[in-house]
Amino acid sequence: MTKHTQTSSFGVGARIGHNSSKFYNSKLYENLDIKKEKKQNDNEIMPQHLNNIFCHSSEKMPELPDNSVHLMVTSPPYNVNKDYDENLSLSEYLSLLEDVLKETYRVLVSGGRACINIANIGRKPYIPLTMYVNQIMLELGFLMRGEIIWDKSASSGVSLAWGSFKSASNPVLRDTHEYILVFSKGDFKREKKQNKQDSISKENFMEWSKSIWRFSAVSAKKIGHPAPFPLELPKRLIEFYSFENDVILDPFMGSGTSALAALQLKRNFVGYEINKDYIKLANYRINETKNTLF
Ligand SMILES: C[S@@+](CC[C@H](N)C(=O)[O-])C[C@H]1O[C@@H](n2cnc3c(N)ncnc32)[C@H](O)[C@@H]1O
């Protein structure tokens, strides 16, 4: 007979049929305001809207019915005076993100996931954007699944702005990491339907289920967008958190990296972008990818 493990004061080594009810019935979880949602039926996106990038703000996504998207992967604008950034105050900026994330909640299916790649910014003082975004997501009713640290220290061009060099006078941390905050709507689990297959290998699953990911950033100049993420980032999230034929949304599509990852992994995409030139660039990259695939 298999011996089941239980939550213990000293931790457990291998978890076999682990019974964690003691932990989840503890006082720590008692007052958590967890929004219990009735499971909703999934809806289909109209075929003419699938695999498209819409040229308007993602604060409203009228092309997408409620409960129609399986995974959202994005990296929001940073509001740090990049070419595309508006000069918003912190509260205006957070309010824009909140509107987009609220709309994301509406369009996600029950059990759908949302992954937000974001870095903290500034030094005087440091602005912990992750803290604000986590707060917004929890208030909207999302369930947090975890947090991935993207270690990008292997990239060239790490900042030399270390403050008072070799002195405790005012040394400054040089962030060589970003975050990927991961949430679910309503339910942690998704049902695996007939036309929905997993595509992840055993080796990748073992590696990517660890919360620190190491790969380089990508050159903005090479892609032609001021802040693209590397293809590896949406590819890992898409394979880890979605099934084939699912719909992947990026509400801040930029140069289209999430769309390329979705197509390469046999998923569909939908996206939003307010800058026409970036949409042109994204569509160019999408067509190039399609030509290599079909
Ligand atoms: C950090 S970039 C995303 C880069 C993208 N991940 C890539 O790999 O190219 C954010 C993008 O959001 C766009 N954007 C800013 N505000 C927007 C809004 N309200 N709705 C849709 N897109 C917006 C910007 O033009 C910019 O291209």
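Two strands count as paired here if DSSP finds at least two bridges between them. Strands (E, at least two residues) and helices (H or I, at least four) are DSSP runs, numbered from the N terminus.

## About the model

This is a predicted model, in which local features need pLDDT of at least 70 and side-chain atom pairs count only at pLDDT 80 or more, while totals for chains, interfaces and linings use all residues. Residues are numbered from 1 along each chain as its sequence is written, and side-chain values use heavy atoms, leaving out hydrogens and water.

β8 pairs in the parallel sense with β1 (residues 52–54) over 3 bridges, and N52 stands opposite V270. With β7 (residues 247–250), β8 also pairs in the parallel sense, over 4 bridges; here D250 stands opposite G271. From β7 the chain crosses through helix α8 (residues 257–264) to β8 in a right-handed β-α-β crossover, meaning that the path over the helix runs clockwise with the strands pointing away from the viewer.

## Around the ligand

Now to the ligand, which 21 residues surround (a heavy atom within 4 Å). The closest are S57, H225, S255, T257 and E273.

A polar side-chain atom of T257 lies 2.6 Å from a ligand oxygen atom. Another ligand distance, 2.8 Å, runs from an oxygen atom to an N or O atom in the side chain of H225. For S57, a side-chain N or O atom is 2.9 Å from a ligand nitrogen atom.

Methods: A polar contact is a pair of N or O atoms within 3.5 Å; within protein, one must be able to donate a hydrogen and the other to accept it, and residues adjacent in sequence count only if both atoms are side-chain atoms.
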